[in-house]
Amino acid sequence: MHARLSSSAALVIVISAHPAHAQAAAGQPLNAKVQEALMGPVTQRVVMSDDGDHLAIVTPKGSREIVIIDGVEGPVFDEIPANYSWGNYRQRGGPIVFSPTGGRSAYVGRRAGDFIAVVDGKEAVTLSTPETVKGHSYTDLTSWAFVFNKDGSRLAYGAQSGPGTWVMVVDGVKSPPYRAFDFNQLAMNGKRVVYVAQTADMKWHAVVDGKVGQAYDTISSLKVTSDGAHYAFIGTKRSPTALSQWAVIDGVEGAVEREITELEQAPDGRVAYMTMRPQTTSGGNPPHLIVGALDAPWTTTFGYPVPAGAAPQYHVAWSADGKRFAYIQQNHPNPGVTVMVNGKPMGQSYNAASGLMWSPDGSRLWYVGHTPNGAFPVIDGEELAGFNLVKEFQWSPDGKRYAFYGTNATGTVMIVDGKEQPKALGMSPDALRFSPDGKHIAYGAQTTGAGYQPVVDLVLKPHSLGNFHVKNQNTNPRITIPVFFYSPDGNHLAYVGVKPDGSGKTVVWVDGVAQQGPMPSYFHPSWSPDSKHFAAVISNGSGQGWTIMLDGKLSPAYEDILVLNAASAGFADGRTYRFYAIKAGQIYRVTLAL
């Protein structure tokens, strides 16, 4: 039996719910029912599900260790290892895994020399024992993981079945034994499970929903569409005199090639890749881009801006439905390049091209053509006015609108749907945003040397623009919060700004109405799913704890609020806000019911 921790609840009588557009005095208390459920003690290892609805805590149990999930204690182990591997490598937080949705969990516990998978709080499969680890295995355990599909209905992971042999456990059922797995090539998309396994003859196979594919000397670059309908990989066979490779799509080999690199997959399952083919013309023999039945030599790559590090390079830009594709063709032997769509030229030739981006509905294509005269935005082959630099292009979510900004000798200008907006000294980086329905747009324009002003639906607002903040900067993946925070229906907008009355007070502007907290910093904004309520996490000041500002009113304060991912604090439904609070060394799931 699993033990459940005790819980406590504090109640406040509900008087009324206040919509987001109602103005509230700073510091006015929130009228809501507050309920606390004890999750467990604060420790160094706490893991939260991606949707924020579930919490796992690794904690001592006497001289042993347990995992507490949503307040329920799991089995007792000698150790809850931070990583399942041969060596002593440990990483903070793993390998406790939650399904993205659905509330399922999996982790590893060690009892003596046995490593055991615990699934949904119960011991499921022995992953390895001192006996099974004997013998040589080529499986790289640094990439071993529990793999859930999105809705949590399916789970796959590897386990040792004997010295030098492995099985894949899918939904609790073990596969036949294999010599090794390539855990870097295990995908569970939709309801489909695809993994790469090595048999005793040293050959590698793609195993799709339990069916073993044909043998290759190596399999690489496994791709599976997000719905699981299609898969692809590079299969390689070697002989004493030759190396042959194929792009294998849904188990069917394409043309045999001498060498295949950089396999890319369209949303509909088609693929593109680079390969070497015999030279048929003079002037060199570059790699060939193969996409469908098209063979295109002399192509070049493109990329998109990224916050940090090297930008990934792509050969093909696919439309969302996969029916159209674009690439950059060099005009060999002439200079310059031309953007091609389904093998046909689109627009003029340029010295270079970048940023190929389809609209969400796949009907329109944007890119930038570069010449000695500047950077020229191009939409559907039609060239717009040029700039020295073009930045932050965005399609609206419905694909009907677009915006970007460019700089030239006279300043910086925002272009919205092809129309120039008033010039500014600069634009607030990464602030440009369309509403979810595409009907509204907001950005920050630099009007003085020191600050930016909000521009909402092309109207300049009379106050300085600020930012929402992230409470924990060490989350992985990193939490990012947009400067302009639209409601799900697109009809409401929240952003941080300084009052224009000379008070210097920083507030959250919600549909143009100021909501002010006790301190000038606002963290982790959230709209209710019905777009009627807005909330943010707020510090009460040094030593005064943390609180929630909901519709401009303040919840009870706590010593601290736990933030492990973007969903740590937010609305569970239209009338319930959920977060995790810390007091007296314990973590509580707190709900505020309006």
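D171 is partly exposed, at 36% relative accessibility. This is a predicted model. The side chain of D171 meets that of R154 in a salt bridge, 2.8 Å from N to O. R154 sits in the loop between strand 10 (147–148) and strand 11 (155–162), and D171 in the loop between strand 12 (165–170) and strand 13 (173–174), so the pair ties together parts 17 residues apart in sequence.

The salt bridges come to 19 by count.

| Salt bridge | N to O distance |
|---|---|
| R154 and D171 | 2.8 Å |
| D70 and R589 | 3.0 Å |
| D268 and R270 | 3.4 Å |

D70 and R589 form a salt bridge through their side chains. This pair links distant parts of the chain, 519 residues apart. D70 is in the loop between strand 4 (64–69) and strand 5 (72–73), while R589 belongs to strand 58 (residues 586–593). Both partners, D70 and R589, are buried.

The D268 and R270 side chains also meet in a salt bridge. D268 is partly exposed, at 28% relative accessibility. R270 is partly exposed as well, at 30%.

The side chains of T199 and D201 are joined by a polar contact of 2.5 Å. Beyond its neighbours within four places in sequence, T199 is in contact with Y178, R179 and H205.

Terms used
Residues numbered from 1 in each chain as written. Predicted model: local features only at pLDDT ≥ 70, side-chain atom pairs only at ≥ 80, totals over all residues. Heavy atoms only, no water. Polar contact = N/O pair within 3.5 Å; in protein donor to acceptor, adjacent residues only side chain to side chain. Contact = heavy atoms within 4.5 Å. Salt bridge = Lys/Arg side-chain N within 4 Å of Asp/Glu carboxyl O. Helix = DSSP H or I, 4+ residues; strand = E, 2+ residues; numbered from the N terminus. Buried < 20%, exposed > 50% of the residue type's maximum accessible area, 1.4 Å probe, protein only.
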